[in-house]
Amino acid sequence: MSYITALKCRECGQDYPVEPLHVCETCFGPLEVVYDYGRIRGAISHKLIESRARNLWRYRELLPVDNEPDIGPCSGFTPLLHAKRLGAEVGVKKLYIKDDTVNHPTLSYKDRVVSVAITKAREFGFTTVSCASTGNLATAVASHAARAGLKCYIFMPEGVESGKIVGSAIYGAKVITIRGNYDDVNRLCSEIADKYGWAFVNINLRPYYTEGAKTFGFEIAEQLGWKLPDSVVIPTAGGTILPKVAKAFKELKDVGLVKGGAPKIHSAQAAGSAPVIHALHKGVDLISPVKPNTIAKSIAIGNPADGYYVLGAVRESGGWGEMATDEEIVEAIKLLARTEGIFAEPAGGTTLAVTLKLLAQGRIRPEESVVVSITGNGYKTLEAVAGAVEQPFVIEARLDDFDALFERLADGKRLAGAA
Amino acid sequence: MAVRVRVPTPLRRFTAGNGEVTASGTSILEVINDLESRHPGMRERLLDDKGEIRRFVNIYLNGDDVRFLDQLKSAVKDGDDISIVPAIAGGR
């Protein structure tokens, strides 16, 4: 049972049927799913949602699917951790980590959007799914496609690390590397989607795919006891998740699941790929593309198509945004790991580093309830921090040797970088 | 100055369904104006009412985004390859 009524252009408002379409024929604006909120309001309740399995489909009335979903049965509903030790260190009592490092099955927030996209691909009758990606998106598509029994092609720029290829090929996906950069790959994929009629999750299924990102926001509200936080900090790459979390909060109010609350929504980018933050700080709408250069590869998108909507959502919410240098990102990854036992990828380090800056600037007040969005797992990006952790101490298998070492360590004579 | 222009699906109703057409001009703007004369309706799909490239349109000249070149004034020469591609996002 679906509550979708149409697709609508976010720019010019033109209506389209519920089909695998993603751009407006008139203005090339992105298409967005339209729901019948009146009917949803009558159908949905806290009790109904709480009676369902702990996955992203517990909010299915607010997702663009028709049938009983069976893709991603364990995706979503990741922990919202009260980060007491980190909070004590940074002076915030109500600090929470929304932890998608443990999203099932591929350890990033992409399991949400891809679950919705693959469900929709099957509803539309596609037999082949695809994407252009070198990282989290590729592994999520390859994994969910495998379980759905769909053929899968993953496109990457040539020269990516072998681990990235393994991470998709292991699921049986065909991996194609392109002689060119990431933009070249994206351009080719648009052309392939047109010619071959495949479901590219973030191209022709994009209006459906992006809706999956709302579940990140739904869960934050439910896990806070159906309340909205005062501030949420979210990383920005292509610009999918932040506006969708804003939409999620609005929808929860519209359908009567949450009363009140007006969270400030803050954007976090890496300094080496911060076109949205530059525009935010300059107070302009025009986002000038940049050539990304940062260790935070998963958010290194220099020309974010939805950046404009990130600006809109941040400004409307009274939030702000900052960028973090690679050094700050690494320090924040280490801080989160040693205080809360969570190992984030550089995008998560970016988000935490930016949270600290916004606290220092007074954009976030210490008495607020603050949610830091951690969208990917550090075990996938070991190379980003490998040089920044303490090297192991090497000793012989003799107790005397350990005694001597321990004395040295206990004396505080630790090597550089020891925590 | 004949160039090859690849046309995305949403614009093919202006090109009788062709995914690739030829056009001429010495700059991107001239090529767009030429496209308009051959396939009326194209220009307003690509440029906004201020005459700038629409926010959700990317134009590539020999594989390079013209926003990194000289925008609409980017110089075009015989045999160049132009792609019109809707902006994509969605992360990596």
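## Interface and side-chain briefing

B:Arg4 is partly exposed, with a relative accessible area of 34%; the exposure classes are buried (under 20%), partly exposed (in between) and exposed (over 50%), with a 1.4 Å probe and protein chains only. This is a predicted model, in which local features need pLDDT of at least 70, side-chain atom pairs count only at pLDDT 80 or more, and totals for chains, interfaces and linings use all residues. Residues are numbered from 1 along each chain as its sequence is written, chains are lettered from A and ligands numbered from 1 in the order in which they are written, and side-chain values use heavy atoms, with hydrogens and water left out.

**Salt bridges**

- Over all chains the count is 36 salt bridges, each a side-chain nitrogen of Lys or Arg within 4 Å of a carboxyl oxygen of Asp or Glu.
- B:Arg4 meets B:Asp81 in one of them, at 3.2 Å from N to O. This pair links strand β1 (residues 2-6) to strand β5 of chain B, 77 residues apart. Helices (H or I, at least four residues) and strands (E, at least two) are DSSP runs, numbered from the N terminus.
- A:Glu211 and A:Lys244 form a salt bridge at 2.6 Å, N to O. A:Glu211 sits in helix α8 (residues 206-211) and A:Lys244 in helix α10 (residues 241-254) of chain A, 33 residues apart. Both residues are buried.
- A:Glu211 and A:Lys244 also belong to a salt-bridge network, with A:Arg10, A:Glu32, A:Lys214, A:Lys247 and A:Glu251.
- B:Glu44 and B:Arg45 pair at 3.3 Å, N to O. B:Glu44 is partly exposed at 48%, whereas B:Arg45 is buried at 10%.

**Interface of chains A and B**

- On chain B, 29 residues are in contact with 42 residues of chain A; contact means heavy atoms within 4.5 Å.
- The two chains bury about 3,000 Å² between them, 56% of it on carbon and sulfur atoms. Buried area is the accessible area (1.4 Å probe) that two parts lose on being put together, summed over both.
- Three salt bridges run between chain B and chain A. One joins B:Arg55 to A:Glu11, with the closest N and O atoms 3.0 Å apart.
- On the side of chain B that touches chain A, α2 (42-46), β3 (57-61) and β5 (81-86) each supply at least two residues. The largest share, four residues, comes from β5(B).

**Aromatic pairs**

- The count is 11 aromatic pairs over all chains. Rings of Phe, Tyr and Trp (its six-membered ring) pair if their centres lie within 6.5 Å; planes under 30 degrees apart count as stacked, over 60 as edge-to-face and the rest as tilted.
- A:Tyr309 and B:Phe56 are stacked, because their centres are 6.0 Å apart and their planes at 15 degrees. The pair joins two chains: A:Tyr309 lies in helix α12 of chain A, B:Phe56 in the loop between α2 and β3 of chain B.
- A:Tyr309 is buried at 11% relative accessibility, and B:Phe56 is buried at 3%.
- Ring pairs also link A:Tyr153, A:Phe155, A:Tyr196, A:Trp198 and A:Phe200 into a cluster.

**Buried packing**

- B:Val66 lies in the loop between β4 (64-65) and β5 of chain B. B:Val66 is buried at 1% relative accessibility.
- Beyond four places in sequence, B:Val66 touches B:Ile28, B:Ile53, B:Ile59, B:Leu61, B:Gln71 and B:Ser74.
- Helix α11 (residues 275-282) of chain A has buried residues A:Pro275, A:Val276, A:Ile277, A:Ala279 and A:Leu280. They pack against β11 (264-270), α12 (307-317) and β12 (321-324) of chain A.
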